[in-house]
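Open the model in a viewer and keep the sequence panel beside it. The stops below are given in the order in which to select them.

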Amino acid sequence: MNVPSLLLAGGRWRCFPVPLGFSLFQGLHNSCCRKKSTAPKKIIPHVDFSDENAKESGKALDKLFSSEQQASILHVLNTASNKELEAFTLLRGKKSLSIVEHREKFGPFQNLESLMNVPLFQYKTTIQVCNSILNPETGGKKRKLQENRLLRKLIKPEIGRERLKAINSIVSIVSGTRRIAWAHLDRKLAVLDWQQTEYCRLMKGTYLSSVYLEEISSVISKMPKADFYVLEKTGPSFQNSSLFPVLLHFHITEAMLCALLNTTFTQDGHHQVLSMNRNAVGRHFELMIGDTRTSGKEVVKQLLSESVLKEEPRVFFPLDKIVHYRQMFSSTEQYRVEELYDSLLQAIAFYELAVFNTES
């Protein structure tokens, strides 16, 4: 039997039947409790690999790998030490440690499905790890990947290894605020040409693009043909705003050289101009003190002496030109002609770091 009861709902009193013996107070109390119980609760996820999804995943793993492959993977998982497991790229860090701890606690893995019981391992991760174990990176591959990373830091834009191996000669170009110098070397590190030219009037005027075009076009007309033209990469921005005109000069010169050299010496549409990291050259010749590069004058002086005194010098200066280069060096030694020194050192570093390292 029901008896009517009154409740305020939506601002109006509404009559509805309630069971006999069910008081209005009890109804209100239960209503409040229901509201509290509907508040969201924090749910802690728990992976149970006994459910249907996990079973399906285990079956899928069995289908992805043959019995021989499964045996090879399980052998590694059950016998490799933590350090040996870290040799696989996808098992570095906590994953290798988790495998060893799980193995010590629960015994060897019986199948690939059991690997998903290890923390940090889900279905996709397990597949990737299994493939990584079956196809590890060899030492040669790792070395090539490392060389490619170093090469990308050394020269821009990226260039294929085959083109580097085929280089017969390069022109290394270094520009400053007063002069541009270049060195033409073949792959035997024989100096074919090495000189500099003054263009200091560019820093005394109003930085008109037409003046840059005229001056740099004149410089390029003197340069020989080569497989590549290597420019010294412009350094970072100056913190001192008063040096902004110098930085602007470097960027304009670099852009002009890149555009004009590619237009003048392009071959089959291939990019002919590369930029080389200045500090990498400095490190190669041990000229760096912290982040500062020191003068390469003494290194160049030693290279000139070795060309005469050693049977197999590091750099070969042809006999018909060695006298000229020694006189040129002597006449400029009392001045700061770093561009002249740096152009030669950059060419040597390019061959030794970028070309010869790719031929192994």
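In which sense do β5 and β6 pair, and over how many bridges? They pair in the antiparallel sense, over seven bridges. Strands here are DSSP runs of E of at least two residues, helices are runs of H or I of at least four, and both are numbered from the N terminus. Two strands count as paired if DSSP finds at least two bridges between them.

Before going on, note that this is a predicted model, in which local features need pLDDT of at least 70 and side-chain atom pairs count only at pLDDT 80 or more, while totals for chains, interfaces and linings use all residues. Residues are numbered from 1 along each chain as its sequence is written, and side-chain values use heavy atoms, with hydrogens and water left out.

**Confidence.** Colour the chain by pLDDT, the predictor's confidence in each residue from 0 to 100. The mean for the protein chain is 79, and 74% of its residues reach 70 or more. Residues 1-16 stay under 50, and the model has 29 contacts for them beyond four places in sequence; contact means heavy atoms within 4.5 Å. Residues 18-52 are also below 50, with 21 contacts beyond near neighbours in sequence.

**The sheet.** Select the six strands of the open sheet, which run in the order β3-β8-β7-β4-β5-β6 with mixed pairing. Next, show β4 (residues 169-175) and β5 (residues 179-186), an antiparallel pair joined by seven bridges. Ile-173 stands opposite Trp-182 in β5.

**The hairpin turn.** Four residues lie between β5 and β6, and Leu-189 in this hairpin has a positive phi near 60°. Leu-189 counts as buried because its relative accessibility is 5%; buried means under 20% relative accessible area, exposed over 50% and partly exposed in between, with a 1.4 Å probe and protein chains only.

**Across the sheet.** Show helix α10 (residues 244-265), which lies across β4, β5, β7 (228-232) and β8 (273-276) and runs at about 180° to β7. Axes are lines fitted to C-alpha atoms, for helices over the stretch in contact, and angles run from 0 to 180 degrees between N-to-C directions. Within α10, pick Thr-253. Thr-253 is buried, at 0% relative accessible area. Leaving out residues up to four places away in sequence, Thr-253 touches Ser-175, Ile-180, Tyr-199, Tyr-212 and Ile-216.

**The cores.** A nonpolar core is a set of buried Ala, Val, Leu, Ile, Met, Phe, Trp, Tyr and Cys residues joined through side-chain atoms within 4.5 Å. The largest has 43 residues, and those with the most contacts inside it include Ile-155, Leu-185 and Trp-194. Helix α14 (residues 338-355) gives the largest share of this core, 11 residues. Another core, apart from it, has 22 residues, among them Phe-65, Leu-74, Phe-88 and Ile-127. Back at Leu-185, its contacts beyond four places in sequence include Leu-344, Ala-347, Ile-348 and Tyr-351.

**Two loops.** Turn to Lys-156 and Pro-157, joined by a cis peptide bond with omega about -10°. Pro-157 sits in the loop between β3 and α8 (161-165). Last, select Glu-286, in the loop between α11 (278-284) and β9 (288-289). Glu-286 has a positive phi of about 55° although it is not a glycine, and at 72% relative accessibility Glu-286 counts as exposed.
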